[in-house]
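Here are my notes on this model, point by point. Please read them with the structure open.

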Amino acid sequence: MEGEMNKFFKVCLAIVVSLTYCFVIGKIVSKGTKRLICVLPIACLFMYLPLNLSSINCGGITGFFISWLANFKLLLFAFGKGPLALDPPNNSLGRFIAYACFPIEIPKNPPQIDQKVHNPSPPKSTKHNPNGKNNENPSRKPLDKPKNASNHMIQYPTKSNSRGQNRENPSHKTPKQGQKWVLVYAIKGLVLGILVTRVFDYKEYMHSKVILFLYSLYIYLILDIILATTAGLARALKGVELEPHFDEPYLSSSLQDFWGRRWASIPAVMATFMVSGLMHELIFYYWCRVWPTWEPTWFFILHGSCLSAEIVLKRVVGTTDTWRVPRVISGPLTVGFVMESCFRMLFPQVIQCKTDLRLLQEYDAIGAFLKSITRKLPLFS
């Protein structure tokens, strides 16, 4: 385990050096073919780096953030497009690295800082008569100051969405919403810990469908917690927000709801689903190190086709209450279709390569590694 951590540190160092090179290239090389030629070696390197990691956790996470997210953003950056070409990340090396590696959200309306209202010129002196009227303009009356008005601050009303975020600036949460967010992820972490340390030990006594359901729950929890952790770190270190990648996908009422809002912002374009399928094949290769079976690609082609058909059908018959399927029926059908297609097209390759067993062995190794470290501490020695 210690050797794997050393490899992971070297990979992270290579990523930082490579993105620093790209940051400098953006300053001295104009966008277009020349910048693309300079960036392509880094994109190839990012495809290779996860292969140096034998750990499923380290290799999968690195492949997702670097081989997938960073490479697509660097290709857009070569032509002056995408988040890396905008002013906030382009002016700071730290922000450039953060925006390249993580799904950073660029707020359309940056937060407004309360400022004092400065008058560019001193107000003209006016004379008021005893009746409270302006002598220069008798028709105007002095405005009454609101009781709750501040002497130097302007406040604007804001609206919140279902996630407890400001619609105009979704990165801001109220204290109560922040406490709820911490509680929710504490519960998710507890459930994940119970799955890994207790439930999976009794797999031989469970039905195969139950095991696959638990694997689905595990994947959702681990991805949600990893993205939430990186979001907290990015917010604390660089003051940036990560895009919300999940929004309770188990509450989806249709495929359009699942793919368009609750799971990931994927437009209904077949090419996008095909590219997503190919990138999942790459992540599976990092995990299994075997030739792709192309089942993940067919999974996304299937969902892209069904989603396109759903959108066309809604346009034909409309979305009135007459043709709308009750949520009590559409919800279970949607979640059931997604899970059953996952069982048949995503999990078989992972199970055949015994990736699930290797993953549990990794958690045992991580636990033993942490115990060995704590024993060396003076407090526990």
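1. Aromatic pairs come to twelve in this predicted model. The rule takes rings of Phe, Tyr and Trp (its six-membered ring) with centres within 6.5 Å; planes under 30 degrees apart are stacked, over 60 edge-to-face, and the rest tilted. Phe200 and Tyr218 are edge-to-face because their planes stand at 70°, with the ring centres 6.3 Å apart. Phe200 sits in the loop between helix 6 (175-197) and helix 7 (208-238), and Tyr218 in helix 7, so the pair ties together parts that are 18 residues apart in sequence. Helices are DSSP runs of H or I, at least four residues, numbered from the N terminus.

2. Are these two residues buried or exposed? Phe200 is buried, at 5% relative accessible area. Tyr218 is buried too, at 8%. The cut-offs: buried is under 20% relative accessible area, exposed over 50%, partly exposed in between (1.4 Å probe, protein chains only).

3. Tyr218 also pairs with Tyr363. This pair is edge-to-face, with 6.3 Å centre to centre and 85° between the planes. Ring pairs join Phe200, Tyr215, Tyr218, Phe343, Phe347 and Tyr363 into a cluster.

4. Two charges sit over rings. For Arg35, the charged end is over Phe77, 4.7 Å from the ring centre. Lys188 lies over the face of Tyr185, at 4.8 Å from the ring centre. The test asks for NZ of Lys or CZ of Arg within 6 Å of the ring centre and within 35 degrees of the ring normal.

5. On the surface, Val312, Leu313, Val316, Val317 and Trp323 make a nonpolar patch, with about 520 Å² of accessible area together. Areas are Shrake-Rupley values with a 1.4 Å probe. Val312 belongs to helix 10 (residues 295-317) and is partly exposed, at 49%.

6. The unreviewed UniProt entry lists transmembrane regions, among them 59-79 and 181-200. Such annotations may be inferred rather than shown by experiment. Residues 59-79 are 95% helix and 0% strand, with end C-alpha atoms 29 Å apart. Residues 181-200 are 85% helix and 0% strand, with end C-alpha atoms 27 Å apart.

7. On method: residues are numbered from 1 along each chain as its sequence is written, and side-chain values use heavy atoms, without hydrogens or water. Local features need pLDDT of at least 70, and side-chain atom pairs count only at pLDDT 80 or more, while totals for chains, interfaces and linings use all residues.

Methods: Helices (H or I, at least four residues) and strands (E, at least two) are DSSP runs, numbered from the N terminus. Patches are made of residues with over 30% relative accessible area and no salt bridge: like charges are joined within 9 Å, nonpolar side chains (Val, Leu, Ile, Met, Phe, Trp, Tyr) within 5 Å. A salt bridge is a side-chain nitrogen of Lys or Arg within 4 Å of a carboxyl oxygen of Asp or Glu.
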